[in-house]
Amino acid sequence: MLKHILLILISFVFLETLAQKEDRIWIFGDHGGIDFNDTGNVFSFYSPLQGTIVKYTIASISDKGGDLLFYAAADRFAFQGVYVYNRTGALMQNGDSLEGHPAQTQGLLILPFPGDSLHYYIFSKMQHNSQINLYYTVVDMSLDGGLGGVVQKNIRLTTDSITQRLTAVKHANGRDWWLIQQRWDQDEYLVYLISPSGIQGPSRQAVGTPDSKYMTVGQSRFSRSGERFVSVSPNCQIDLLDFDRCSGMFSNYRRIGKYVFSPENSYLGCEFSPDEQILYVANSYPYPAKFVYQYDLNAPDIRASKQTIMMYPDTGILQNVQMASLQLGADDKLYVSKGNGSGPNSNTVYTQNIDVILNPNVLGPGCDYSTNHMYLNGGRTTYSLPNMVNYALGPVQGSICDTLSTGLQEIKSRISPFSITPNPVKEWINIYHKEDFTGAKEYLAQIINSQGQVVFEKTMSPNEHYISSSYLSEGVYILRLKTKKGQFMERFVKM
């Protein structure tokens, strides 16, 4: 049995060492495509996507080696308007009639099943009257000769009224996902845990966001490490929070936006610099001009650190063209999409090219904002870039939740004044005191599973040394002891 558990642990380590290139092919707009597989030679290509009817709602994903798997896009002329296309550009088997709406800024997101290279979730949103709802669909890539097929579709996740913002980040174990959706009708984030057991939740977290009913449109982003989170909207909202990838909890809410509408601060796109020290925000309201701003996240007053790094006048062929998505590429450059749907200036040099911030870790003009930097080979932007997340993010080393990175080596304790014997355990956990760590006081014992959930909790006396483990299923756990002298943790295997 122990051999079986250790083999599982090895497989997790092996998976984490494989290339993680699910974000290397971007499909977007009207025949827009960018290939990031060679980060020293990023190039655009003419994609199969007939995007004349696509506005915002788009997502694409590659396999771990960087080859395109499939993409999904919304058709604004259809009620159930999302279609899934395989890597050849053909409609995927059973890939029609997904719930979806074309004008959702983050209306689609594709996530791999944790620990499963053949199955994928597609999350989509549909607006019914004034309420937006969240759905998921499942793709099986073993079907249709490896081109994939939809096996479940339009499964409703929530009855809550939600915003257009949708993103995700890896759990601290480097395998599972936290799916983040903000509510519209009140100050609440819905946090779903996606593990091999399926989709769990949501947990509901109020963070202190005012005026939630005015924040339907916009984008949310995690920083590269997943430790920072930002949410913006056209109501001049910029909300900055910290995030714990182990517990799935938000904290340290900071309100940067003023929540007073003004055209120059009608935000839509947002993104962190690769080093996570700078925040970029773009406004969506085209008149009298459109802007891209920088905020210094190390400044004593982040709001006051605002700098304008790009301004387009709303005149000539730029009239009614909007700044839309901001997104980091695998080359550590920041890509800026401009669009005007099907308006009179929707197919000009400004939409046939994409802007790029070449040095996004630099404050001020040194960030090198390059206008119309990349020609899209006959394609064009229609607003959004594909909704991407950091698929390559690994475990948080040293976290109590990094249990998938253990490997074959003996499961060693971090420095602590106790050990667990025997380890692996069967019916009982024996707590061996190397020294007095309780201060002759009662202490709290907790057992935490690989998903960061507390599955056992008990207040123990200094003379108690045993905890029954008979109710635990096989796997890897953390024993955490909270005492007057501090917190101490040991990892153990239940067999």
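This is a predicted model: local features need pLDDT of at least 70, side-chain atom pairs count only at pLDDT 80 or more; totals for chains, interfaces and linings use all residues.
Strand β2, made of residues 32–35, runs antiparallel to β3 and is joined to β3 by two bridges. Within this pairing, Asp35 has Phe43 of β3 as its bridge partner. As a general point, the strands of a sheet pair through backbone hydrogen bonds, in either a parallel or an antiparallel sense.

## Strand β5 and its two partners

Strand β5 spans residues 68–74 and is mostly covered, with seven of its seven residues buried. One partner of β5 is strand β4, residues 58–62, which runs antiparallel to β5 and is connected to it through five bridges. In this pairing, Tyr71 of β5 is the bridge partner of Ser60. The strands β4 and β5 form a hairpin with five residues between them, and in the turn Gly66 has a positive phi of about 95 degrees.

Strand β6, residues 82–86, also pairs with β5, again in the antiparallel sense and over five bridges. Here Ala73 stands opposite Tyr83, a residue of β6.

Phe261, Tyr285 and Tyr287 together make a nonpolar surface patch of about 350 Å². Of these residues, Tyr285 lies in the loop between β20, residues 278–283, and β21, residues 289–296.

The relative accessible area of Tyr285 is 37%, so this residue is classed as partly exposed, a class that lies between the buried limit of under 20% and the exposed limit of over 50%.

## The chain as a whole

The chain holds 495 residues, of which 58% count as buried.

Among contacts between residues at least 6 apart in sequence, 54% join residues that are at least 24 apart. The protein chain exposes about 18,900 Å², and carbon and sulfur atoms supply 50% of that area.

Note on methods: Residues are numbered from 1 along each chain as its sequence is written. Side-chain values use heavy atoms; hydrogens and water are left out. Buried means under 20% relative accessible area, exposed over 50%, partly exposed in between (1.4 Å probe, protein chains only). Helices (H or I, at least four residues) and strands (E, at least two) are DSSP runs, numbered from the N terminus. Two strands pair if DSSP finds at least two bridges between them. Patches are made of residues with over 30% relative accessible area and no salt bridge: like charges are joined within 9 Å, nonpolar side chains (Val, Leu, Ile, Met, Phe, Trp, Tyr) within 5 Å. Accessible areas come from the Shrake-Rupley method with a 1.4 Å probe; for residues, only the protein chains shown count as cover. A salt bridge is a side-chain nitrogen of Lys or Arg within 4 Å of a carboxyl oxygen of Asp or Glu. Contact means heavy atoms within 4.5 Å.
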